[in-house]
Each structure stands twice: as C-alpha cells, then as structure tokens.
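Here is a short report on selected features of one protein structure. Keep the sequence and the 3D view at hand as you read.

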Amino acid sequence: MTRKNLLAISLTALISSPTLFAADLPGKGVTVSPVQSTLPEESFQTELINRALEKLGYEVKPTEEVDYNVAYTAIAAGDATYMAVNWEPLQKDMYNAAGGDTKFYRKGTYISGAAQGYLIDKKTANKYHITDLSQLKDPKLAKLFDANGDGKADLAGCNPGWVCGQVINAQIDAYGLSNTVQQNQGNYSAIIADTLTRYKAGNPVLYFTWTPYWVSDELKPGKDVVWLTVPHSVTPGSQKNEDTALPNGKNYGFKPNNEHVVANKAWAEKNPAAAKLFEIVKLPLNDVNAQNQRMHQGESSSEDIQRHVNGWIHAHQATFDGWVKQAAAAAQ
C-alpha cells in the first residue's frame with residue numbers, strides 16, 4: 001500500500017471519528033453558564049472544567065464572579081449552570097438553604113483534603129510557647145499581634161458573607177476571646193497581603209487561611225508559620241456540636257474539606273456527558289497551590305490563567321483526554 005493511500009485512510013478515519021465530528025458532540029447547541037466566587041484564585045479549577053466542556057461541544061459563556069450565596073441561588077434557579085467550588089462541609093448550610101439535593105447535582109470529589117485554620121509566625125510561637133488559639137485570652141500575648149494599636153490581636157479573617165467568618169466569630173466568642181482578639185474582615189486578598197508585609201517586616205502575624213491557596217506556599221507551615229489548635233470544637237448552624245478533631249486527636253477548629261462541582265440538577269439530567277464530567281474530574285490540591293502561587297507572583301491576568309490551564313492539560317494530556325472520552329461515552 002502506498003504512503004498516499006495510507007494518508008487517505010488515516011484522514012478518513014480522523015474525520016469520521018465520533019469524538020471529533022462536531023455534529024456528534026454531545027454538547028453541540030447547548031450553552032453553559034458557569035459561576036464562581038469573587039476569589040480570583042478559584043478561576044483555575046473552573047476554567048479547566050470549562051475547557052473540557054468545550055471539547056465536548058458545549059458553548060461555554062464567560063464565567064461570572066458572584067458571592068457564594070448568590071452562586072447557589074442562581075444555580076438552583078437555573079440562571080447559572082454550575083460552579084466548581086462547593087466546599088463541603090463548610091458550605092453545607094448554603095447548599096441546603098438553596099435547595100440541597102433536590103435542586104443540585106453533586107457527584108464525585110474534585111479536590112480532596114482542603115485544610116483550614118489559624119496560623120502564627122513560628123518565631124513568636126517558639127518564643128512565647130503559643131500552640132493554641134485560646135492562649136490569646138491573655139492580653140499580653142494578644143497584644144503581640146496588635147496591628148492597629150487597640151490592644152487586641154488582629155486576626156486576618158474572611159470576606160463578609162463567607163461561612164469561615166461566621167465560624168471564626170463563633171469560636172472567638174466560645175473561647176472567651178472577645179476582649180482580646182478581633183477578626184478583621186474585608187477583602188481577603190488585601191488583608192492577607194498586608195499580613196505578609198507585616199511578616200516580612202519581622203512583626204508577629206495571626207491569620208486564617210485554607211488550602212489550596214498561595215499563602216501556604218509563601219508562608220510554609222512548619223518552616224515559617226505554625227498551625228494553632230483550638231481547645232474544643234465549635235461550629236455554628238446545622239454543624240453545631242460537630243467534632244472537628246482529627247484522628248490523631250489534634251483539633252484545628254475546622255474539618256478538612258472537599259471541593260465538589262455543583263450543577264443545576266435538571267440541566268445535568270438533560271446533559272449526561274457534562275454530568276459525567278462533573279463526577280469524574282479530579283485535581284490535585286498541590287497543583288492548585290502551585291498555580292495560585294504563580295498568580296500571587298504576578299501571573300494573574302485572564303490570559304495568564306488560560307496559559308496555566310493549557311500547561312496543566314499539556315502535562316496531563318492523557319488524563320484530560322480520558323475525562324472527555326468517558327464523559328462523551330455517557331451520552332451514547
């Protein structure tokens with residue numbers, strides 16, 4: 001057989017392949033309206049799924065950034081299609097308040113083992129033997145972290161409306177810290193940037209953070225900073241009395257969370273390919289940390305994020321293609 005004939009056969013097979021022929025793509029003619037939180041560092045995991053949806057033929061609109069509670073309400077009402085950053089169990093009340101399993105499709109785990117809690121700089125922890133948040137009931141210790149001169153420890157906290165802020169306030173009250181510790185709430189990115197500046201200037205710092213996020217790449221737990229335990233579990237809302245202690249007995253005040261993709265249930269039922277994709281995607285937490293660190297170092301434009309997505313897909317091409325293939329098969 002001549003090379004010319006071989007080429008013709010190969011081209012015919014390629015054009016007729018059901019995974020590549022546009023008319024047969026399961027998402028053809030269907031629009032996706034993704035949403036995410038206002039935290040830019042959650043764009044990477046959202047855009048990665050958007051890219052896979054496009055490979056399945058879906059028309060993906062630009063991702064809208066909204067507060068978490070608005071995202072849940074919009075998805076439940078069908079005004080948005082999905083988001084990739086459902087924190088469980090942290091956002092359990094938001095999820096249930098918007099309709100829970102009757103309104104949402106949620107299967108599989110996208111990112112596993114997301115830690116949350118309080119940290120202080122290691123130098124201050126070692127010098128004053130601080131290991132537990134409740135020790136800041138001592139005004140002398142609390143004053144070490146006073147950034148604005150009011151005598152209270154300034155705890156870099158969460159955006160207003162985030163569930164973590166409600167948990168922090170509940171814990172400050174329960175541990176008797178109301179007179180010595182103040183949670184500073186506002187734009188988290190700005191607050192934590194100020195905290196980092198204070199750390200680099202050699203000042204004590206106290207902050208809340210989570211993984212995946214760039215902070216733990218910049219201030220490495222165990223090397224630069226240390227996690228603080230809490231005296232006992234305190235969780236508000238439906239998670240009241242929930243035990244947050246780890247199997248080793250350590251209690252950092254928050255259970256490890258998983259991140260899930262949450263979609264409008266009715267839409268997912270009509271789009272089995274997308275539903276299967278949402279179920280099977282998995283992203284290593286360390287990959288998100290590393291990408292977030294690149295954003296912190298200046299690669300934070302939408303073009304930069306798309307380049308990061310391209311890089312991840314190229315480095316994990318077999319995994320990405322496997323997602324698309326398995327998702328497409330679910331629609332047959």
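Start with Thr-124, which sits in helix 5, spanning residues 122-128. This model is predicted. Thr-124 is buried, because its relative accessibility is 4% and the cut-off for buried is under 20%. Setting aside neighbours within four places in sequence, Thr-124 contacts His-129, Ile-130, Leu-144, Phe-145 and Pro-204.

His-129 lies in the loop between helix 5 and helix 6 (139-143). Its phi is positive, about 55°, although His-129 is not a glycine. Is His-129 buried or exposed? His-129 has 61% relative accessibility, so it counts as exposed. Thr-124, with which His-129 is in contact, counts as buried.

## Lys-103 in its loop

Lys-103 belongs to the loop between helix 4 (92-97) and strand 6 (104-105). Lys-103 is partly exposed, with a relative accessible area of 42%.

## Helix 2 meets helix 14

Two packed helices are described by the angle between their axes and the distance between the axes. Take helix 2 (residues 43-55) and helix 14 (residues 317-329): their axes come within 9 Å and cross at roughly 55°. That angle makes helix 2 oblique to helix 14. The crossing of helix 2 past helix 14 is right-handed.

Which residues make the contact? Helix 2 brings Leu-48, Arg-51, Ala-52 and Lys-55, and helix 14 brings Phe-320, Trp-323 and Val-324. Of these residues, five are nonpolar, two are charged and none is polar.

## The buried side of helix 11

Helix 11 covers residues 272-280. Its buried residues are Ala-273, Ala-274, Ala-275, Leu-277, Phe-278 and Ile-280.

What do these buried residues pack against? Among helices, they pack against helix 2, helix 10 (265-270) and helix 14. Among strands, they pack against strand 5 (82-88), strand 6 and strand 13 (257-264).

## One disulfide

How many disulfides does the structure hold? It holds one. Cys-158 and Cys-164 form it, with their sulfur atoms 2.2 Å apart. The torsion about this S-S bond is about -135°, so the disulfide is left-handed.

Now check each cysteine for burial. Cys-158 has 0% relative accessibility, so it counts as buried. Cys-164 has 4%, so it also counts as buried.

## Two cis peptide bonds

Look next at two prolines. The peptide bond that joins Glu-88 and Pro-89 is cis, with omega about 15°. Pro-89 lies in the loop between strand 5 and helix 4.

The bond from Thr-211 to Pro-212 is also cis, and its omega is near 5°. Where is Pro-212 found? Pro-212 is in the loop between strand 11 (206-210) and helix 9 (215-218).

Technical notes:
Residues numbered from 1 in each chain as written. Predicted model: local features only at pLDDT ≥ 70, side-chain atom pairs only at ≥ 80, totals over all residues. Heavy atoms only, no water. Disulfide = S-S within 2.5 Å. Buried < 20%, exposed > 50% of the residue type's maximum accessible area, 1.4 Å probe, protein only. Helix = DSSP H or I, 4+ residues; strand = E, 2+ residues; numbered from the N terminus. Contact = heavy atoms within 4.5 Å. Axes fitted to C-alpha atoms, helices over the stretch in contact; angles between N-to-C directions. Parallel < 35°, antiparallel > 145°, perpendicular 65-115°, else oblique. Left-handed = near helix turned anticlockwise from the far one by under 90°. Nonpolar A, V, L, I, M, F, W, Y, C, P; charged D, E, K, R; others polar.
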